[in-house]
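Student: Let us go through this model by question and answer. Please keep it brisk.

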Amino acid sequence: MTANDISEKEAPHKLFDTLLVLDFGSQYSHLIIRRLRDLNIYSELLPCTQRIADLPFQPKGVILSGGPYSVYDSSAPHVDPAVFDLDVPILGVCYGLQEMAWQLDQHNVLAGEKREYGHAKLTCEQGEGSASSVNVLFQDVPNGVDVWMSHGDKLSHLPESFSTIAATSNAPFAGIAHTSKPYYGIQFHPEVTHTSHGTRILENYAVRICKARQHWTMEEFVGTEISRIRALVGEKGQVIGAVSGGVDSTVAAKLMHEAIGDRFHAVLVDNGLLRHNEAETVHQTLTSHLGINLTVIDASERFLTELKGVSDPEKKRKIIGKNFIEVFQETAHKIAKEAAGTPNAGDIEWLLQGTLYPDVIESIAFRGPSQTIKTHHNVGGLPAAMHLKLIEPLRELFKDEVRILGTKLGIPEELVWRHPFPGPGLAIRTLGEVTRSQVEITRQADRIFIEEIIAAGLYRKISQAYAALLPIQVVGVMGDKRVHEQPICLRAVETTDFMTANWFDFDRPFLDKVSSRITNEVSGVCSVFQNSMCLLHQGIYHG
């Protein structure tokens, strides 16, 4: 199998052993993917309603995730029974365990008399028959280990042909294994950090049971992806690229430049919603440091006009996504005309985007289990009549994987570790109607916040930080005068996968300094809040 044989959709599955996770709507489903990726095993999340006949690849194993439902309810989601005909190991987690048992016999699951949520002590047991060998699931896991439970229902009895391999005081069938087939079920969640040795359990399943090779690395990915891009685009094809200066679009642009050189045309659309000096900084970085051809388009008036009177953030995303694609179509046409007649010139058919896997996960909705958190302007916000084909080389990657890839490509550290910036830009950090003056308030407050974070040596410790402008009037005292102006809310979080996050705790002197600077230097702001709307500072000017 060569890169030339690999389609856009099938590439990772053709080159890397893949574990499939079928999602039943658990808040933890994406963590299973993360743990497997950390083990250098490629894995992919699909909805539990996926028809097995339509799978574009043969997985090495299938994991049935947890979920908030009861399998015996009429509206409960169920897996395609054909999954059990794949002849691969299957692991059911929490709801997935109950789903596996329910598929065999609908009397196997009942409503629990006692909900179990939190830590529990797991006792491992020796299985019967060939199940003695399947206890490899708990190999190198100490007896009495802490596991994380989150369930109400449980198995009423041991399903036929299964053996018990683990139990807790409340769940006598906390771990089961089929006596002859590679089917396993656990009532707890190994993917969460609350479960001690949870990663070891997943590794035992993936490596020792499924025999998946641990060859998903960015070193492997970069070579195969460059080859795949060249095969997709062809010897004369040209690509127009969406860049913003963020790590995602920068890594995507560098990867594309490595693949096809000057046939890649990077374009930055200044939509009037960028950070302080963003357009100038991006131009300098991509052209001087990375050698990428870059065209900057000032479309700020167009975007701000389209956003006039719009306050709903989802509508903002749709409007920005629509205009984003239209500007690229117009720019692609212009670049194609300028390139016509030059040696080896080809049509511009492709649009590069830095879409990541969390973007895809958040934008997919299916019946019941999944909820759309938001529409990403480069995923769900794309117009149906787009005239360019998308090429998204980072679509299967999480943010931390993109950073590793960027380092492998030789991108400077300050770019690789830059905090992510949303495609809709300051439009969604400026709550309420978007106007030039409102955006400028947000921009200047954000600049001050980031300047102070860098000065305090906290930038790398924080995963994302920004200032948001709230569309309300609050009372402040400026000198001797009572004023009614707007508040700024500061937000900073820590995360690795950009799917879940925790607040970053600043010390009081830092917050005092930042809030004082914002209220003194940004006209129109008299109060500063942090995260949960706790008041930090009301501006006081000393005359």
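Tutor: Axes here are lines fitted to C-alpha atoms, for helices over the stretch in contact, and angles run from 0 to 180 degrees between N-to-C directions. Helices (H or I, at least four residues) and strands (E, at least two) are DSSP runs, numbered from the N terminus. This is a predicted model: local features need pLDDT of at least 70, side-chain atom pairs count only at pLDDT 80 or more, and totals for chains, interfaces and linings use all residues. Residues are numbered from 1 along each chain as its sequence is written, and side-chain values use heavy atoms, with hydrogens and water left out.

Student: At what angle do the axes of α6 and α12 cross?

Tutor: Helix α6 covers residues 218-233, and helix α12 covers residues 399-408. Their axes come within 9 Å. The crossing angle is roughly 70°.

Student: Is α6 roughly parallel or roughly perpendicular to α12?

Tutor: Angles under 35 degrees count as roughly parallel, over 145 as roughly antiparallel, 65 to 115 as roughly perpendicular and the rest as oblique. With a crossing of roughly 70°, α6 is therefore, relative to α12, roughly perpendicular.

Student: Which residues of α12 make the contact with α6?

Tutor: Contact means heavy atoms within 4.5 Å. From α6 come Met218, Glu219, Phe221 and Val222. The α12 side supplies Glu401, Ile404, Leu405 and Lys408.

Student: How many of the 10 residues of α3 are buried?

Tutor: Buried means under 20% relative accessible area, exposed over 50%, partly exposed in between (1.4 Å probe, protein chains only). Helix α3 spans residues 95-104 and is largely enclosed by the rest of the structure. Its buried residues include Tyr95, Leu97 and Trp102.

Student: Where does His197 lie, given its positive phi?

Tutor: Most residues other than glycine have a negative phi. His197 is not a glycine, yet its phi is about 65°. Its relative accessible area is 34%, so His197 is partly exposed. His197 lies in the loop between β11 (183-186) and α5 (198-209).

Student: What is the phi of Asn277?

Tutor: Asn277 is found in the loop between β13 (264-270) and α8 (278-289). At 40% relative accessibility, Asn277 is partly exposed. Asn277 is a residue other than glycine, and its phi is positive, near 55°.
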